[in-house]
Amino acid sequence: MCRCAETKYYHFIVSSIPMCNSCFSTRHNKGPVRGSGAVSKKEDLKDENLVFVAGATGRVGSRTVRELLKLGFQVRAGVRSAQRAETLVQSVKQMKLNVEIASEGTQPVEKLALVECDLEKRDQIGPALGNASVVICCIGASEKEVFDITGPYRIDYLAAKNLIDAATVAKVKHFVLLTSLGTNKVGFPAAILNLFWGVLIWKRKAEEALLASGLPYTIVRPGGMERPTDAYKETHNITLSQEDTLFGGQVSNLQVAELMAVMAKNRSLSYCKVVEVIAETTAPLTPMEELLAKIPSQRAEIYSPKESGAAGGPGSSPSKTVESEESSTPIKKDPSGAKALATEPLSPYVVYDDLKPPTSPSPTVPTASPLPTLEVDGHSNMANLSINNIAQSPTEDKPREQHHTGPNPSPLSPFTMYDDLKPPTSPIPSPRRS
């Protein structure tokens, strides 16, 4: 591995000779190493075979890098520190390629370039993207820093939004964002994740930023990925559902990585879709392309025939690509409906914008009058007191009149039955009499 003095990026040479990009090109009489930080003179010219992966050293990101290399892609791996990515490099060197990719005569590590980039610093993102046509965002707040209350805000939202903004400026062809189940609709057990400093709320805001960017996108919402190992796929097959459908389930990191690599290869099938993915033992083994084709797109297909062929990625064949059912049907937009959707909030958590701290009602002194008594033979007797006499007592309070000017608004809380609940009080001790 060497650090080029010109581009300040790291390159990997199979022979492990420390040389920069220019020296490598001169020695082998080749052009610049693709994916090594050399940006094309034409800013809008994108390499259809180049993918930028953010969070490449994470559990999902590292597997996504390897799956993309298996499909023949060149990968720019965005990392905070190249020295800490040694594990990723070693895993790539040990990869076993299929016959078709191996026949090209290049090793996977030759197609990998590490790019040092801190997504919290906006000025570093644009050069790191280079001329990548696809961006895959696999970042997320670390579970090891559970006591960092700013983690979900900084990583899951702010850093992701910085990457989305940079990709919008760079005019990338497709953006894949990894979030979680339960970001747009409250449901259990997914909603429990919000105990981690509102992580689902910040992930949803990142989704909204991507939806508003205008980029062709795919949002991937996986189930729990903590427990399943890579061997999970041997007994569990993935299933894909539309947005706001699932709130529980598990899937392995490897299965999610394979899915996102397939999305990068078949961009026309994953165009502007929100996909929720889990794995089940009862699900049949189905090609991921067929599963993607069943998910409806949220935007009309705009790929030209030339771009659709290129979007298939390296080695793709048009005859093997499954056509999306929605892509052949133009979507007509109603102007009035568009205005209505524009005013509708995208997040289910808007009801908490004006949330105020709870207050307890102040207890009032009871004003009930003493019950009347009847004198019988000089003794008080309640037995002969009729119910009508009590009802006609002049000291009885009259029922309060209720004035309704319109239909009662639906309460925001399910605990409205406890509105009159008063806090418990302790009896005040009386002073002792001497």
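Predicted model: local features only at pLDDT ≥ 70, side-chain atom pairs only at ≥ 80, totals over all residues.
**Exercise 1.** At what angle do helix 2 and helix 8 pack, and how far apart are their axes?

*Solution.* Residues are numbered from 1 along each chain as its sequence is written, and side-chain values use heavy atoms, leaving out hydrogens and water.

Step 1: take helix 2 (residues 59–70) and helix 8 (residues 253–265); they pack at about 45°, with axes 8 Å apart. Helices here are DSSP runs of H or I with at least four residues, and strands are E runs of at least two.

Step 2: that angle makes helix 2 oblique to helix 8 (under 35 degrees is roughly parallel, over 145 roughly antiparallel, 65 to 115 roughly perpendicular, the rest oblique).

Step 3: look at who touches whom, with contact meaning heavy atoms within 4.5 Å. The contact splits into 8 nonpolar, 2 polar and 4 charged residues.

**Exercise 2.** Is Ser241 buried or exposed?

*Solution.* Step 1: find Ser241 in strand 9 (residues 237–241).

Step 1: its relative accessibility is 14%, so Ser241 counts as buried (buried is under 20% relative accessible area, exposed over 50%, partly exposed in between, with a 1.4 Å probe and protein chains only).

Step 2: skip neighbours within four places in sequence, and Ser241 contacts Leu246, Val274, Val275, Glu276 and Ile295.

How values were computed: Axes fitted to C-alpha atoms, helices over the stretch in contact; angles between N-to-C directions. Nonpolar A, V, L, I, M, F, W, Y, C, P; charged D, E, K, R; others polar.
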